[in-house]
Amino acid sequence: MTGACVVGCRRIAKRFGHVDALREANTAVGAGKVVALVGDNGAGKSTLMKTLLGINRPDRGEVIIDDRPVQLHSIRDAQALGVEAVHQDLALAPQLSVVDNMFLGHEIASRGLGVLARDEMADRAAKALAELSIQLPSLTVPIRELSGGQRQAVAVARAVMWARTAVLMDEPTSALGARQSEIIVDLIRAVAARGLGVLVVSHDLPRILQAADTVTVLWRGETVLDAPASDLTVPDLVATMVGYRKDGAA
Ligand SMILES: Nc1ncnc2c1ncn2[C@@H]1O[C@H](COP(=O)(O)OP(=O)(O)O)[C@@H](O)[C@H]1O
Ligand SMILES: [Mg+2]
C-alpha cells in the first residue's frame, strides 16, 4: 500500500499451544480507508485484531500504528495511540443508558468531566451520534431496549468518539438482518469519511466488497491476498479463502 499506514502489521506470528493461529499476517490500513479482513473460520482474523489492539502479544513481527512499529502491552496502549475497537460481543452494558455506554471503558478519561457533568456527557454522546447520522428513540433508555442494529450503531459511535487514528470491528453485521446490515455498512463508510482508518472483519462478502477499499485475505494464519476491492469478485474471494490461490501456489 502507498501512503501512510494508520494501523497495520508486518509478518505477525502467534501460536497458542500447538496451534499456529497466525503464521505470516500482513495488512495495512490508510487514513480514511476501509480494509476488509476476511478468511474462513479459524483463519486467524480475531487473533490478528486482538494483536493490533494489544490484547494478544505477537510471537514475531511488528504492529504498526501511525507508520511506526509499536509494542503494545494492553488495549490501553492501543487506545492511547488513538485506536478503538468494536468487539464481536459489543461490550455494551444492557442495563445502562446510551449515554453511559458511550463513556464505558473510558472512565479514566471521562473522570475529568466530574460527577456533575451529566449534561456535558449527554451533549458529547448526542453530538457523536449525530455526526454519524445515527438516530435513536432516546439516549436515556437502557441499551437493552434498543434493536440489535441500534446497539451495533452505539458501539460504533462509541469507538469513533474516542478514536483518533483507527477503528477495528469484528463481525459488525453478523447478528443483523439485511436492512440493518446496510445501515451498518453505510456507517462504516461514514467512519472512514471522518479520516479514520477502518479494519473490518466480515463474512458478508458481497456487502463488504462494496464498502471496502482493500481486502486482506487470511488463510490459515497467513495473508495470501491483499488487493483493491474493485479488482475482486465474491467467487475470487471464496476461492482464496478456502486455499485455492490464483497464482497457482499451494
Ligand atoms: N486464546 C486461544 N487459545 C488457544 N487457541 C486459540 C486462542 N485464540 C484463537 N485460537 C485458535 O487460533 C485459530 C485462529 O482463531 P481465530 O483468530 O479466532 O480465527 P477467526 O477469527 O478467523 O475465526 C483457531 O484455530 C483458534 O482455535
Ligand atoms: Mg473470529
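Colleague: What conventions apply to the numbering and to the predicted model?

Modeller: Residues are numbered from 1 along each chain as its sequence is written, while chains are lettered from A and ligands numbered from 1 in the order in which they are written. As the model is predicted, local features need pLDDT of at least 70 and side-chain atom pairs count only at pLDDT 80 or more, whereas totals for chains, interfaces and linings use all residues.

Colleague: Why is Val63 called buried?

Modeller: A residue is buried if 20 or more other C-beta atoms, placed from the backbone, lie within 10 Å of its own, exposed if 12 or fewer, and partly exposed in between. Val63 has 25 other C-beta atoms within 10 Å and is therefore buried. The residue belongs to strand S4 (residues 60–65); strands (E, at least two residues) and helices (H or I, at least four) are DSSP runs, numbered from the N terminus.

Colleague: Which residues does Val63 touch?

Modeller: Two residues are in contact if their C-beta atoms, placed from the backbone, lie within 7 Å. Not counting residues up to four places away in sequence, Val63 touches Cys9, Thr51, Leu52, Pro58, Val70 and Leu72.

Colleague: What makes a group of residues the largest nonpolar core here?

Modeller: A nonpolar core is a set of buried Ala, Val, Leu, Ile, Met, Phe, Trp, Tyr and Cys residues joined through C-beta atoms within 7 Å. The largest such set has 72 residues, and those with the most contacts inside it are Ala166, Val167, Leu168, Ile188, Val198 and Val200. Helix H6 (residues 148–162) gives the most to this core, with 7 residues. Val200 touches Val34, Ala36, Leu37, Met169, Pro172, Ile188 and Ile208, not counting residues up to four places away in sequence.

Colleague: Why are the buried residues of H7 said to line one face?

Modeller: They are Ser181, Ile184, Val185, Leu187, Ile188, Val191 and Ala192. Seen down the helix axis they fall within an arc of 155°, so they line one face of H7; the arc is that of the directions from the axis to the C-beta atoms. Arg179 and Ala193, on the other side, are exposed. The buried residues of H7 pack against strand S3 (34–38), H6, strand S7 (166–170), strand S8 (197–201) and helix H8 (205–211).
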